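Subject: Structure handover

Hello,

Please find the structure below. My notes on it follow.

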Amino acid sequence: MRLKRIKNSKIFILIVIFSFSLLLINIQFPIRDTEDIETYQDPFTDAISPSDIHNKLNTTICNYSEDQIKPQIIGDGLGGAIIVWEDNRVSNKIDIYAQRINATGHPLWNTNGVFISNKTGNSTNPVITSDGQGGAIVAWQDDAAGNWEIYCQRINSTGKSPWNVHFNRTRLTTSGNNDTNPTITSDGLGGAFIAWQTNIVIPFAIGLQIYAGHITNNGFVDWTQRGICTETNAQQNPRIVSDGKNNSIITWEDYRGGSDLDIYAQKINLTGVVQWQTNGISVCNEGREQINPEIAQNGDSTIITWQDYRSGSDYDIYAQKINQTGHFQWVNNGKLICGVSNQQINPVITSDNYGGVIISWEDLRNTSITSTDIYSQRITLNGHFLWENNGTRICNAPSIQEKINNAPDGKGGAFITWQDYRTGADYNIYAQHIGPTGIAHWEDNGTVISNAIYSQISPQVAQNGTNGAAIVWQDYRNGNYDIYSQIIYTIDNTPPPAPIIYSTTHPDSGFAYSSNDVNIEWTQPPDASNITNYYYMWDKNPDTIPESFDHITDIRNVNLSDVPDGMWYFHVRANDKAGNEGETGHFNFTIDSSCDIELINFTLESSTNQHYAAVMADFDGDSDLDLATSDNSSSVYIWWNPSEMGFDPFEDINNWSKTLIGTTIGAVNRLKAADLNYDGKIDLIGSYNSGPNGWVIIWQNNETPWVSNWKSRIIYNTLMETIVDLDIDDYNQDGDNDVIFSTGIYHQIFSLSNPISTGNDPFDYSWISDSIGGGSNPPELEICDVDINGYPDVIYTDGSSINIIKGNSSGWTDLGAIFYESTNFTALEVADLDY
């Protein structure tokens with residue numbers, strides 16, 4: 001017993017030590033929650049390929065003289081964006097200008113932009129938010145009054161101000177202090193909340209504090225500026241976001257403790273009343289410094305991220321979730337997002353549109369190798385990590401990647417852009433699209449957006465309202481800073497259409513086949529994002545939609561073996577790289593193994609003559625098919641089917657009898673059957689040649705068709721020209737059967753119009769011929785209505801091409817070749833193969 005107790009004690013001690021070690025590890029490093037990944041996984045995968053950006057010319061937004069800098073951007077909700085910037089085109093003065101681009105990147109307003117503010121004084125640090133109606137509200141700081149004040153202006157989708165005709169800006173502050181660093185968000189009603197930092201010097205010097213104001217959709221400042229935080233020491237660097245319920249939440253850096261900066265936050269409603277603790281709640285007041293807060297809203301919660309020096313050795317990235325009442329939802333003083341060695345700084349944050357956020361930051365973990373890199377993490381509303389512990393690598397190219405900005409893609413991922421010094425010569429603009437599962441979808445280390453001569457810096461990105469994005473930056477390619485942009489085309493949200501299904505073994509859905517082995521094939525549906533694979537299954541239900549747990553294939557055919565008898569339905573749908581699951585195609589086939597058919601060859605006649613042409617029709621009107629043939633004796637016969645006399649036509653070939661229909665001076669090489677004279681009896685049409693000469697002949701059926709030598713008539717003959725092929729149809733829509741034929745020396749195609757439509761017996765009256773087209777060697781032809789306009793067309797082979805002559809009410813049009821092949825065509829048949 002004593003040994004057992006000691007053993008159990010040792011086990012208990014080991015378990016406690018191991019558990020405590022895990023606790024320390026969990027405190028030091030963020031752990032990815034694999035269970036949450038499974039429950040939070042989105043169905044979306046790849047969305048945009050690099051080809052959606054490459055070889056696109058950047059759009060010039062403004063290249064006026066002097067510098068244009070500090071661009072800001074919002075999506076217009078229609079695939080485009082509205083851009084605002086500081087503009088130095090007027091000497092010794094800074095103004096604010098704006099431009100709108102459409103979904104293809106083309107500017108919609110005045111060349112080089114429309115002015116937002118060009119009054120007396122300098123206007124700087126513009127910020128922008130949507131007005132909810134395709135326009136924007138812009139705020140900035142302005143020194144026209146002799147100190148910095150906050151002004152704003154609204155611009156609609158056409159580049160005009162709905163507040164006033166002459167762009168007389170609206171002034172928010174009049175305190176006489178220096179109001180700077182504005183930040184803006186929509187109030188959800190067409191107006192905006194604006195926050196800023198105020199350097200209080202009147203009536204006496206106090207220092208920086210945080211203030212806010214509100215402007216309505218009509219441009220009315222409906223309450224005087226409110227003190228968000230008026231604590232002692234400095235409060236600075238505010239950020240603001242809408243809570244989605246007509247309120248706003250503001251976060252800032254706060255020095256009230258007197259030793260280092262902390263992070264605070266406050267909520268303010270539409271009437272200017274703060275909702276949380278006076279002077280704000282402490283988001284993080286951990287020892288040492290917390291700076292650079294950024295804020296995002298998702299549903300009922302706000303998430304704030306910042307860089308944090310609590311470790312005393314380097315900056316890390318932390319975040320905190322706050323509910324509507326100002327209570328923290330994660331661990332006190334914030335959740336560690338990334339705590340690897342060396343610095344992680346300057347975080348940015350965006351909603352993932354699924355209750356969580358995506359945070360990106362500059363990362364020096366590999367500073368000895370690549371200098372500053374970029375990493376990102378996706379966090380759920382419960383604070384669980386969906387991507388790699390300590391972040392997924394976005395870019396670790398050589399040298400510096402910095403000035404990150406990101407925007408949601410609308411599908412759980414994000415567009416991330418930055419300025420990049422990997423070339424060692426100039427800064428360029430790069431971007432990456434990272435999907436909801438943390439997979440980068442473009443080139444490793446990002447896709448170049450602009451690498452023009454000299455530097456491109458300070459990129460900003462915005463979702464454009466159609467799951468794509470627009471990027472804007474300041475660009476030195478022309479020898480001073482200009483504003484350029486690039487549209488990133490929209491993510492494909494369209495499911496692939498249903499594949500067209502067919503079977504080479506069981507092609508006719510209305511026919512029962514004896515074979516239990518079925519080959520199924522289908523077409524690849526057109527899709528903007530390319531097809532990756534197919535879900536398929538077969539069952540007795542005509543409307544089943546196959547899922548991923550059924551059958552998956554990346555090819556477009558399957559072989560089904562030993563399928564039981566009965567009617568079956570095959571279902572298939574495509575999936576594309578954008579994660580769209582397509583519409584389902586259905587195909588039914590029937591198996592009846594009891595109807596196994598064996599084909600047996602029967603010889604009606606053993607002859608030394610060579611048979612040239614044959615056609616089957618009910619020539620004697622007894623409801624069975626008889627057979628007309630021609631041979632090299634220049635004779636045409638009809639073989640009479642014995643079925644009407646009660647004999648099986650395949651039991652004894654001696655029961656078949658034949659009648660000589662007529663003879664010609666050359667072997668009949670083509671035979672067709674049709675009623676040519678409206679008497680309800682099937683007549684014969686044929687062509688034959690003798691030497692270089694050719695004829696078209698018709699034979700008339702009568703009351704005694706089994707009597708030899710039917711009445712005949714030559715309806716066309718030519719010297720030095722042979723007849724190659726013929727077909728019959730009512731090509732001129734006059735209710736009778738006409739003839740189309742081709743010739744073999746001059747390679748022409750002719751029509752023969754049946755005279756019965758004019759009241760003349762076709763066996764006694766001349767047929768009118770007309771040349772309708774031709775080629776270099778048309779041996780085969782077929783008549784069919786290709787374009788379903790009610791008029792038959794003529795399809796013919798011409799050596800190595802297939803050609804078409806279009807028929808219509810006014811005659812014929814030879815359209816020439818519709819298909820080419822490297823070898824010559826010798827036969828032609830037309831049928832509806834795709835049902």
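In the sheet around β5, Y97 stands opposite F115 in β5. Strand β4 (residues 95–101) pairs with β5 in the antiparallel sense over three bridges; strands are DSSP runs of E with at least two residues, numbered from the N terminus, and two of them pair if DSSP finds at least two bridges between them.

The model is predicted: local features need pLDDT of at least 70, side-chain atom pairs count only at pLDDT 80 or more, and totals for chains, interfaces and linings use all residues. Residues are numbered from 1 along each chain as its sequence is written, and side-chain values use heavy atoms, with hydrogens and water left out.

Sheets

The open sheet that holds β4 and β5 has four strands in the order β2-β3-β4-β5, with antiparallel pairing. Its edge strands, β2 (68–75) and β5 (114–117), each pair on one side only. Neighbouring strands in this sheet are turned by 30° against each other on average, direction ignored; the axes are lines fitted to C-alpha atoms, and angles run from 0 to 180 degrees between N-to-C directions.

Another open sheet of four strands runs β10-β11-β12-β13, and its pairing is antiparallel. The twist averages 25° from one strand to the next. Within this sheet, β11 (residues 192–200) and β12 (residues 207–215) pair in the antiparallel sense over nine bridges. The bridge partner of Q197 is I210 in β12.

Domains

The domain assignment, which is automatic or from a database, gives domain 1 (116–285), domain 2 (288–451), domain 3 (501–591) and domain 4 (611–820). The C-alpha centres of domain 3 and domain 4 lie 42 Å apart.

Aromatic pairs

The structure holds 22 aromatic pairs (Phe, Tyr and Trp rings, the six-membered one for Trp, with centres within 6.5 Å; planes under 30 degrees apart count as stacked, over 60 as edge-to-face and the rest as tilted). One of them is the stacked pair W418 and Y430, with 6.5 Å centre to centre and 20° between the planes. W418 lies in strand β27 (residues 414–420) and Y430 in strand β28 (residues 428–434), so the pair ties together parts that are 12 residues apart in sequence.

Pocket

The second largest pocket has a volume of about 360 Å³. A pocket is an open set of points on a 1 Å grid over the protein atoms alone, where a 1.4 Å probe fits, with protein on both sides within 12 Å along at least five of seven lines; lining residues have an atom within 4 Å of a point. Grid points are joined across faces, edges and corners, and the volume is the space filled by probe spheres set on them. Of its 14 lining residues, F602, T603, L604, E605 and L627 are the closest to the centre.

Regards
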